[in-house]
Amino acid sequence: MKKIGILTGGADCPGLNSVIRAVVRKAMQEGCVVTGIKNGWMGLIENDMRILDLRLTSGILDRGGTILGTSRMVSPLKADQIKKISENYKRSGIDAVIAVGGEDTLKIALDLHEMDVIRVVGVPKSIDNALSGTDYAFGFDTAVNVATECIDRLHTTAESHHRIIVIEVMGRYTGWIALEAGIAGGADIILVPEFPINIDEICDSLRLRHGRGKSFSIIVVSEGARVAGYTDFDRDDTSGKHRVGKMGEFLANLIEDKTGYETRVSVLGYIQRGGIPTAYDRIIGTRFGVKAVELVKESKFGKMVSLHDNKIRSVDIKEAVKQRKSIDLDLYEISKVFSAVTENNL
Ligand code: F6P
């Protein structure tokens, strides 16, 4: 192994640069050259790559986003795209690609591995923490910390104005951010995609809470949550495009209509994905990057770096993308101890 390619695909997140830096450092120590592939899989299709050295990757550990750029692509790729990837991969002299990404990026990695187009090792990132096969995907810790700080700030304004504030956080299919930030921020109600929302129960709880003298409430909802009995609104996941913001607005309007309480919405959106990574994400990103180079050196292709019981290991990419990792139900039960809905039933 002399030349390792690295790409970052799908949604950006804090910690990507920590992985890139770690891959370059470790690979150089192993006597390898690293080629940075621009904008995810698109860089291999368009032959957009450049050699990464110490100079280009110094001072990036704490920087959000990705110095390589990214693009959203979903599996399966078109035949002509695969042909281009194959041609450019061969021409570049790259021996193996480290693909850093979430579900979409890693599904493409698996396809290309199974078709024998490229040799690949995966690294899991996801602010949604929805990847299986690993206890943790980096980016999530930063997103939870950002969301928690926002909930704290919204608490004070909700209380002063005697309002309900619906805070929409990211999480298309799983409610990890809503659950963890909701607990950490002391939300009164946490709503996740894993369980349909019973709107009448929520409104009853808000009324009773108001009756007890609490004239404000904080509701944290995942963008992908669903209200039972209401048809789904505009979600287009097949194209890889997705619009944040609609769930929070929908829920806030519904609550205001049903209860008459003044209700506002705050969509945290891309703020959760931007900015500096937490120390935890920098450390996990660094550990993942070093391990990814080791897997390449050991020719363990089709594998993804993973975290189990705080030890860095590897799993088949196939395992990681087979199904999404739903929220921890034990933690969800804990959240209910503090929920206005539970309080209502006491
Ligand atoms: O997959 C991560 C994620 O942050 C989701 O939580 C969100 O729905 C989505 O990306 C939005 O992505 P974009 O608008 O960048 O395509």
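Does E159 count as buried, partly exposed or exposed, and at what relative accessibility? In this predicted model, local features need pLDDT of at least 70 and side-chain atom pairs count only at pLDDT 80 or more, whereas totals for chains, interfaces and linings use all residues. Residues are numbered from 1 along each chain as its sequence is written, and side-chain values use heavy atoms, with hydrogens and water left out. E159 has a relative accessibility of 44% and therefore counts as partly exposed (buried is under 20% relative accessible area, exposed over 50%, and partly exposed in between, with a 1.4 Å probe and protein chains only). E159 belongs to helix 5, residues 140–161 (helices are DSSP runs of H or I with at least four residues, strands are runs of E with at least two, and both are numbered from the N terminus).

The axes of helix 6 (residues 176–184) and helix 11 come within 10 Å and cross at roughly 40°, the axes being lines fitted to C-alpha atoms, for helices over the stretch in contact, with angles from 0 to 180 degrees between N-to-C directions. Helix 6 and helix 11 are therefore oblique to each other, since angles under 35 degrees count as roughly parallel, over 145 as roughly antiparallel, 65 to 115 as roughly perpendicular and the rest as oblique. Helix 11 spans residues 329–337 and contains I334, which is partly exposed at a relative accessible area of 45%.
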